[in-house]
Amino acid sequence: STPVPCSSRVPTLVCHVSASWLRCSQRAHGCRRQREAAMPHRSQEAVHQQRRELLSNICNRYTRKRRLLRPDDLRHLVVDDTHGLLYCYVPKVACTNWKRVMMVLTGQGKYRDPLEIPANEAHVSSNLRTLSEYSIPEINHRLRSYLKFIFVREPFERLVSAYRNKFTRSYNTAFHKRYGTKIIRRHRQEPSDKALERGDDVRFEEFVYYLLDPRTQREEPFNEHWERVHSLCHPCIVHYDVVGKYETLAEDANYILQLVGADTSVKFPSSSKTTRTTDDMTAQFFQDISPFYQRRLFNLYKMDYLLFNYSIPSYLRIR
């Protein structure tokens with residue numbers, strides 16, 4: 001198994017990413033107390049072991065040919081060289097808060113509290129390095145020896161969250177112009193001139209037609225906010241050590257911060273959002289989508305359902 005340095009501050013502590021997940025070897029006197037403090041709860045280890053095994057089984061069953069990664073495939077992998085950490089960010093899965101935390105971890109004391117960092121600053125590309133910026137040998141070294149993690153969410157809940165954020169908020173004019181105008185032009189019968197110009201009143205049904213239109217992906221890749229997780233983060237090629245879930249965000253985030261020996265003052269921000277997209281809300285959006293299009297959309301996101309162990313939503317009429 002590959003040794004992963006637990007912390008830059010504790011060079012004597014080495015963690016082995018393997019079936020038992022955290023087998024720490026003591027190389028110097030006085031290491032044990034620190035090692036035990038860094039040891040996460042055993043039940044959490046079992047949960048993450050199970051998630052890794054399920055992911056691996058689905059990958060083996062559904063992917064016959066493993067292709068090589070290109071640097072461009074690694075644009076979503078954020079690097080923390082201080083703690084030996086790689087985070088593949090997935091939009092609409094707490095990625096703003098994770099980027100804030102990564103800025104605290106990599107900032108050499110510049111930031112102390114993730115919530116002090118404005119959301120727009122967390123998304124400025126120059127504030128964090130991604131794996132695609134490194135040379136091939138540097139990429140391979142980090143893929144082999146860093147702790148790699150990803151956070152996922154129920155696929156249709158994430159999709160509705162993206163739709164609500166990008167197409168129903170008046171401030172997202174860039175998305176309305178870039179995508180909304182095209183969606184209305186192609187998928188609305190007799191659109192008004194105002195709708196064609198502004199693109200700010202896209203209906204969810206029209207958004208679904210756009211996603212399923214063969215022309216959409218022929219012309220350009222999906223935007224990252226609705227691209228499938230398996231296409232953003234390549235979980236059958238990059239072997240993630242931790243698969244975190246939006247549904248268990250706080251526990252999984254704390255688990256990762258413990259694993260890498262982050263300073264105990266670094267806390268993952270707790271969510272206070274009252275407008276969060278829920279399962280019930282998602283069900284309402286799907287009420288007006290016909291079973292035919294529900295089935296086609298499910299097939300589009302099917303691999304994310306399988307890879308991350310999400311069951312077919314009960315509100316779908318596709319059985």
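The chain has an average pLDDT of 87, and 87% of the residues score at least 70; pLDDT is the predictor's confidence in each residue, on a scale from 0 to 100. Residues 1–38 have a pLDDT below 50, and this stretch has 80 contacts in the model beyond near neighbours in sequence. Contact here means heavy atoms within 4.5 Å. This is a predicted model, in which local features need a pLDDT of at least 70 and side-chain atom pairs count only at pLDDT 80 or more, while totals for chains, interfaces and linings use all residues. Residues are numbered from 1 along each chain as its sequence is written, and side-chain values use heavy atoms, with hydrogens and water left out.

The largest nonpolar core contains 87 residues. A nonpolar core is a set of buried Ala, Val, Leu, Ile, Met, Phe, Trp, Tyr and Cys residues joined through side-chain atoms within 4.5 Å. Buried means under 20% relative accessible area, exposed means over 50%, and partly exposed lies in between (1.4 Å probe, protein chains only). Among the residues with the most contacts inside this core are Trp-98, Phe-156 and Trp-226. Helix α3 (residues 95–106) supplies the largest share of the core, 7 residues. Helices (H or I, at least four residues) and strands (E, at least two) are DSSP runs, numbered from the N terminus. Leaving aside residues up to four places away in sequence, Trp-98 touches Tyr-87, Phe-149, Phe-151, Leu-249, Ala-253, Ile-256, Leu-257 and Phe-268.

The structure also has covalent links between cysteines. A disulfide is a covalent bond between the sulfur atoms of two cysteines; here a pair counts when the sulfur atoms are within 2.5 Å. A search of the whole structure finds 2 disulfides. One joins Cys-59 and Cys-236, with sulfur atoms 2.0 Å apart. This pair links distant parts of the chain, 177 residues apart: Cys-59 is in helix α2 (residues 42–62), and Cys-236 is in the loop between α11 (229–233) and β7 (242–245). The torsion about their S-S bond is about -85 degrees, so the disulfide is left-handed. Cys-59 is buried at 4% relative accessible area, and Cys-236 is buried at 11%.

Cys-88 and Cys-233 form a disulfide as well, their sulfur atoms 2.0 Å apart. Cys-88 lies in strand β5 (residues 85–88) and Cys-233 in helix α11, so the link ties together parts 145 residues apart in sequence. With -90 degrees about the S-S bond, this link is left-handed. Cys-88 is buried, with a relative accessible area of 1%, and Cys-233 is buried with 1%.

Charged side chains come last. Side chains of opposite charge can pair when their charged atoms come close. The structure holds 18 salt bridges, where a salt bridge is a side-chain nitrogen of Lys or Arg within 4 Å of a carboxyl oxygen of Asp or Glu. Arg-276 and Glu-157 form one of them, at 3.5 Å from N to O. Arg-276 is in the loop between α12 (249–259) and α13 (279–286) and Glu-157 is in helix α6 (residues 155–167), so this pair ties together parts 119 residues apart in sequence. Arg-276 is partly exposed at 32% relative accessibility, whereas Glu-157 is buried at 8%.

Asp-213 and Arg-215 meet in a salt bridge at 2.7 Å, N to O. Asp-213 is buried at 9% relative accessible area, and Arg-215 is partly exposed at 34%. Salt bridges with shared partners join Arg-178, Lys-182, Arg-186, Glu-219 and Glu-220 into one network.
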